[in-house]
Amino acid sequence: MISYINNDEQQFAQLLLNFIQESPSSFHVVEGIKKLLVPQGFQTLSLKDKWSLIPGGKYYVTHNDSALIAFVVGEGVPEKYGFHIIGAHTDSPGFRVKPLPEISVEGHYVKLNVETYGEPILNTWLDRPLSLAGRVILHGESPFSPRIRLFRSDLPLLVIPNLAIHMNRKVNEGIELNKQKDMLPLLSQITQDFEKEGTLISHLAKTLQCPTDDILDFDLFLYEYEKGRFFGLQQEFISSGRLDDLAMIHAGAWALANAKPTLTTQVLACFDHEECGSTSKQGAASPFLSFILERILLGLKKDREEYLQALAHSFLISADMAHALHPNSGERLDPVNRPILNRGPVIKISANQNYTTDAESAAVFTTLCQLAGVPVQKFVNRSDERGGSTIGPISTTHLDIRSVDIGNPVLAMHSVRELGGVKDHLAIAKVFSEFYK
């Protein structure tokens with residue numbers, strides 16, 4: 001059999017799986033992006049400092065350790081050539097650990113108290129090895145300068161067990177899982193020397209090799225422990241957690257890292273908290289991106305009028321995943337516009353502006369795909385389904401920029417393990433590279 005997937009496509013998709021494996025939280029995603037950018041000459045900037053930038057310079061700035069904006073300063077006049085921006089998000093739906101999380105179960109087990117983050121498909125998190133990742137906050141030099149340490153357990157620590165069918169005879173008829181009762185993960189069994197209180201803090205202190213009293217707080221999330229992998233008779237599919245939206249993050253970061261300076265300033269904006277509305281200081285609803293774009297102009301000794309001129313010459317690709325034709329539920333898609341895995345990126349369209357795409361911006365993206373030699377598809381919701389939204393409409397409420405919403409097709413979006421196409425990942429990276437040209 002002649003392979004449907006070529007070596008370049010498989011190798012690039014494997015890089016994506018490696019990136020996802022090293023990115024179990026939005027904080028780790030930002031570190032992963034930096035690992036792609038720094039070897040290519042990108043320098044860090046601080047929001048607290050005054051910037052002095054040079055044409056052709058490569059820079060990045062982080063916010064809350066979970067959002068990042070990177071850019072290559074254009075060699076042309078910025079008010080004439082503007083910005084080419086790719087926007088994506090670092091977060092994924094799941095579960096966040098609550099304060100004082102240990103709950104004893106009749107003196108026999110300890111489970112963790114967690115809060116649902118975003119809109120995960122709950123039952124996909126059951127009966128599989130899970131672990132913990134995020135950041136831990138330690139005492140620092142002053143109350144306003146605590147130390148921050150990334151945390152990731154390399155062991156499977158947790159499981160959310162299902163209830164046996166013998167105790168729930170109607171389980172296969174469909175049940176509603178209660179987020180507070182049914183979705184709390186089992187952490188440990190209580191034995192003679194086991195300390196029920198402070199169990200998690202003790203584990204964090206041991207892993208980070210610090211006193212327990214040094215730990216002030218944490219932002220910890222559950223993640224699926226098992227690695228992503230290829231499958232299918234031709235190994236043409238990707239099964240992995242967090243494809244939404246780390247596939248777009250990885251492709252965008254790779255494209256920017258390998259981009260050559262052009263007349264236009266090339267920008268990658270990676271926001272946090274898209275899955276819960278983007279309304280944080282590091283989300284797309286914040287002024288983070290607009291401030292950074294204006295500061296680029298100020299760092300080049302330009303003024304606000306020239307910044308507003310630059311926006312008029314700019315273009316935003318809002319990159320989030322798209323829904324593919326489901327093999328068992330084809331009726332849930334529009335009868336005509338039906339994206340297929342491994343058939344290229346998808347332009348997302350909504351009459352009610354859940355997506356920013358219009359005919360002109362769709363034509364721009366279609367032309368980029370043609371230049372990259374990549375097929376392109378379109379997605380529109382069924383007329384009786386509202387569907388989701390993206391960072392695109394949120395970002396353009398702050399920035400008067402032409403914009404298109406796109407993404408690679410996936411199945412089982414928001415499942416603990418989503419399903420994508422191997423060919424699509426290299427395809428979208430080629431389009432992003434063409435955009436940055």
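Biologist: Does one read cysteine 210 as buried or exposed, and at what relative accessibility?

Modeller: Cysteine 210 counts as buried because its relative accessibility is 13%, and buried means under 20%. Please note that this model is predicted.

Biologist: How does one read cysteine 369, buried or exposed?

Modeller: Cysteine 369 is buried as well, for its relative accessible area is 0%.

Biologist: How many disulfides does the structure hold?

Modeller: A disulfide requires two cysteine sulfur atoms within 2.5 Å. The structure holds zero disulfides. For cysteine 369, the closest cysteine sulfur belongs to cysteine 270 and lies 20 Å away, so the two are too far apart for a bond.

Biologist: Where is threonine 207 found?

Modeller: Threonine 207 belongs to helix α4, which spans residues 199-208. It counts as partly exposed because its relative accessibility is 39%.

Biologist: What is the strand order in the open sheet of five strands?

Modeller: The order is β11-β12-β20-β19-β15, and the pairing is mixed. Strands β11 (229-231) and β15 (322-323) are the edges, each pairing on one side only.

Biologist: In which sense do β12 and β20 pair?

Modeller: Strand β12 (residues 237-240) pairs with strand β20 (residues 418-421) in the antiparallel sense, over four bridges. Phenylalanine 237 has glycine 421 in β20 as its bridge partner.

Biologist: Which strands does helix α5 lie across?

Modeller: Helix α5 (residues 243-257) lies across β12, β19 (409-411) and β20. Its angle to β20 is about 35 degrees.

Definitions and conventions
Residues numbered from 1 in each chain as written. Predicted model: local features only at pLDDT ≥ 70, side-chain atom pairs only at ≥ 80, totals over all residues. Heavy atoms only, no water. Helix = DSSP H or I, 4+ residues; strand = E, 2+ residues; numbered from the N terminus. Buried < 20%, exposed > 50% of the residue type's maximum accessible area, 1.4 Å probe, protein only. Pairing = 2+ DSSP bridges. Contact = heavy atoms within 4.5 Å. Axes fitted to C-alpha atoms, helices over the stretch in contact; angles between N-to-C directions.
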